[in-house]
Amino acid sequence: MSTYQNIIKGIPKGITIPEELEKLCNWTDTNGYPISGYFELRADDGETIRYWLGFDNVSDRFGIFGAGPDGSLYSFWVDDENNHKIVHLGSEGGERYILANNFIDFLRLLAIGYMEIGYSDLNMTVQEWNLATGQEKDEGINPKFREWIEKEFKVQIPDKGSEIVDDGNKTFSNWIDEQTSKYL
């Protein structure tokens, strides 16, 4: 079974799965890892959100498709207006925010090359962040992946994640807090 088939098995029926996810899975099946930084595609058994939140009342609003090395999750999230966003769920319950409003923007963010998107200063370039944190200047950057994203989707890869992610937007984090207070 392909990576894509494994991933879509764990995504609830009400979540629209963009064709770009299948393209990413196919690219990874052909080219292997690393994709970019430590990001990995990950199939979900449908239970992860219940464990992450501590309740099951809103699990159908999440479709997990990736993870970081610490267990952080990358997921589709359906907001209250039925918009599908790409979100980061930190492994310890923190670092909860919207990464992108669509999957192509998420791929652009991923192609920048941060080792861990959820924990990097997205106001810095990858090179600036890597040097500030004692890593090799270009660590995490996959030129082959960047080139594929630019050609396949006819987009530009920004220098900084802050060109895509609005780290001041607390909509998702506030929504999680509301659900937690409602169901726990």
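Modeller: Happy to! Helices α4 and α6 run roughly antiparallel to each other, a label given to angles over 145 degrees, while under 35 counts as roughly parallel, 65 to 115 as roughly perpendicular and the rest as oblique. α4 spans residues 103-112 and α6 residues 143-153; they pack at about 155°, and their axes are 9 Å apart. Those axes are lines fitted to C-alpha atoms over the stretch in contact, with angles from 0 to 180 degrees between N-to-C directions. The helices and strands themselves are DSSP runs numbered from the N terminus (H or I over at least four residues for helices, E over at least two for strands).

Before going on, a word on the basis: this is a predicted model, where local features need pLDDT of at least 70 and side-chain atom pairs pLDDT 80 or more, while totals for chains, interfaces and linings use all residues. Residues are numbered from 1 along each chain as its sequence is written, and side-chain values use heavy atoms, without hydrogens or water.

Back to the pair: α4 and α6 cross in a left-handed way, meaning that the near helix is turned anticlockwise from the far one by less than a right angle (clockwise would be right-handed). From α4, the contact (heavy atoms within 4.5 Å) takes in Ile 104, Leu 107, Leu 110, Ala 111 and Ile 112, and from α6 it takes in Phe 145, Arg 146, Ile 149 and Phe 153. By class, that makes 8 nonpolar, no polar and 1 charged residues. Here Ala, Val, Leu, Ile, Met, Phe, Trp, Tyr, Cys and Pro are nonpolar, Asp, Glu, Lys and Arg charged, and the others, Gly among them, polar.

Next, the rings. The whole structure holds 18 aromatic pairs, in which rings of Phe, Tyr or Trp (its six-membered ring) have centres within 6.5 Å; planes under 30 degrees apart are stacked, over 60 edge-to-face and the rest tilted. Phe 39 and Phe 106 make an edge-to-face pair, 5.7 Å centre to centre with 65° between the planes. They are 67 residues apart, with Phe 106 in α4 and Phe 39 in the loop between α2 and β1. Both Phe 39 and Phe 106 are buried, which is under 20% relative accessible area, with exposed over 50% and partly exposed in between (1.4 Å probe, protein chains only). In α6, Phe 145 and Trp 148 form a tilted pair at 6.0 Å and 35°; being 3 residues apart, they are separated by about one helical turn. Phe 145 and Trp 148 are buried too. Ring pairs also tie Phe 39, Phe 65, Tyr 74, Phe 76, Phe 103 and Phe 106 into a cluster.

Not counting residues up to four places away, Glu 40 touches Tyr 33, Phe 65, Gly 66 and Ala 67.

Finally, Lys 154 lies in the loop between α6 and α7. Lys 154 has a positive phi of about 55° without being a glycine, and its relative accessible area of 72% makes it exposed.
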